[in-house]
Amino acid sequence: MLTSNRGFAALPVSAFAVATALLFSTPAAAQDGESSVSVSANTTLASEYRFRGVDLSGGEFAIQGGVDVEHDSGFYVGTWASSLDEQTVGYGSTELDVYGGWSGDVAEGVSIDVGVIGYLYPDAGPGDFDYIEFYGSVGYAIGPVETTVGVAYAPDQDSLGSTDNLYLYTDVGVGIPDTPITLTGHVGYTDGFLTFTNDGKAFDWSIGAEAAIAGTPLSIGAAYVGAEGDIPAGAYDFVDDAFVVTINASF
C-alpha cells in the first residue's frame, strides 16, 4: 500500500456515504424478514506489516483492523487501517484504506471480485501520498483447495512519481482435512513505483499456514515472506526475508 494521491481524497467520502446508506437500510430489510446487509469486523496483531513482500513497519509489530459492509447482491464497501513505521517508510504512522466493489459466484466453484481502493496516509505531512488502485481477481475452489489469480492497477498519479503501477499475483490455499489448518502460498510481481527498488520491479512470495482456534473468533498464522528486487546501496532493505506471525480476530 505504498503511495499517495490527495487528488482522490473524495473516494473515502463516497465509500462511507454508500456504507452509511446501506446501514440505514438495514431496519427496513429486517421488517420484511430479510437480511440484505451484513457487517463484519476484523483486527490483527502482526509481528511485521508486509505489503506485497515490502516491509512497511520497519520490522516492528503492527496493529491492524477493519470493518466491511456487504449487501446480498454482492456489492460491498469497507475500510482497513494499519500502523506504519514513520521513520523508515516516510508515510506517517498510519495507513487507512477505503474500498468498494462487487464479489460473487459466477459458476460452480468460480468467483470473481472487482473493485477500487484508496490508500490514504492521514498524518504523512505535506505533499502527495494518497493514491487509488483498481483490482480484480478470479477464484476457483475444488474440495479443500482454493486458488486465486488477480491483478491490481494504479494509474498514473502524482503520488506515484507521475507513473503507474501494475501488480500480478496468484494465491493458493489448501485445507488439511479434519484439522483447522490451512496451508497458504503466494507469488506476486510488481512493475512500477511501489517496490522501493532501483528499477521499480520486484517479485514477492510467501509460504505459510493458518489455524482457526475452535470455539473462538481467533486464528493464528505464520508465514515466511520475502521479495526480490534491486535495492539502492546503503538503503534500508524493505524486501529482506522475514518470518511473520499474526493473531487475528473476526466478528
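Before walking through it, a word on the model itself: it is predicted, so to speak of local features a pLDDT of at least 70 is needed, side-chain atom pairs count only at pLDDT 80 or more, and totals for chains, interfaces and linings use all residues. Residues are numbered from 1 along each chain as its sequence is written, and side-chain values use heavy atoms, with hydrogens and water left out.

## The overall picture

The chain contains 2 helices and 14 strands. Both are DSSP runs numbered from the N terminus: helices are H or I with at least four residues, and strands are E with at least two. Of these strands, 12 close into a barrel, in the order β1-β4-β5-β6-β7-β8-β9-β10-β11-β12-β13-β14, with antiparallel pairing. Two strands pair if DSSP finds at least two bridges between them. From one strand to the next, the twist averages 20°; such angles run from 0 to 180 degrees between N-to-C directions, with axes as lines fitted to C-alpha atoms, for helices over the stretch in contact.

How much of the chain is buried? Buried residues make up 41% of its 251 residues. Here buried means under 20% relative accessible area, exposed means over 50%, and partly exposed lies in between (1.4 Å probe, protein chains only). The chain exposes about 12500 Å², and carbon and sulfur atoms supply 63% of that area. Accessible areas come from the Shrake-Rupley method with a 1.4 Å probe; for residues, only the protein chains shown count as cover.

Contacts tell us about the fold too. A contact means heavy atoms within 4.5 Å. Among contacts between residues at least 6 apart in sequence, 51% join residues at least 24 apart.

## Strand to strand

| Strands | Bridges | Residue pair |
|---|---|---|
| β5 (residues 75-83) and β6 (residues 94-107) | 9 bridges | tryptophan 80 and aspartate 97 |
| β9 (residues 145-157) and β10 (residues 163-175) | 11 bridges | alanine 152 and tyrosine 167 |
| β12 and β13 (residues 218-228) | 10 bridges | alanine 211 and isoleucine 220 |

Between β10 and β11, which run antiparallel, there are 11 bridges. Strands β11 and β12 are also antiparallel and joined by 11 bridges; there, threonine 184 has glycine 208 in β12 as its bridge partner.

Some of these neighbours form hairpins. In the hairpin of β9 and β10, 5 residues lie between the strands, and glycine 161 in the turn has a positive phi of about 70°. The hairpin of β10 and β11 has 5 residues between its strands, with aspartate 178 at a positive phi near 65°. In the hairpin of β12 and β13, again with 5 residues between the strands, glycine 215 takes a positive phi near 80°.

## Rings that meet

The structure holds 9 aromatic pairs. Rings of Phe, Tyr and Trp (its six-membered ring) pair if their centres lie within 6.5 Å; planes under 30 degrees apart count as stacked, over 60 as edge-to-face and the rest as tilted.

Why does the pair of tyrosine 119 and tyrosine 131 count as stacked? Their ring centres are 4.5 Å apart and their planes are at 25°, so the pair is stacked. Tyrosine 119 lies in strand β7 (residues 110-120) and tyrosine 131 in strand β8 (residues 131-142), so the pair ties together parts 12 residues apart in sequence. Tyrosine 119 is buried, at 4% relative accessible area, and tyrosine 131 is buried too, at 1%. Ring pairs link Phe51, Tyr119 and Tyr131 into a cluster.

Tyrosine 189 and phenylalanine 203 make a tilted pair, 4.8 Å centre to centre with 45° between the planes. Tyrosine 189 sits in strand β11 (residues 181-192) and phenylalanine 203 in strand β12 (residues 201-212), so this pair ties together parts 14 residues apart in sequence. Tyrosine 189 is partly exposed at 23% relative accessibility, and phenylalanine 203 is partly exposed at 47%.

A charge can also meet a ring: arginine 52 lies over the face of tyrosine 167, at 4.3 Å from the ring centre. A charge sits over a ring if NZ of Lys or CZ of Arg is within 6 Å of the ring centre and within 35 degrees of the ring normal.
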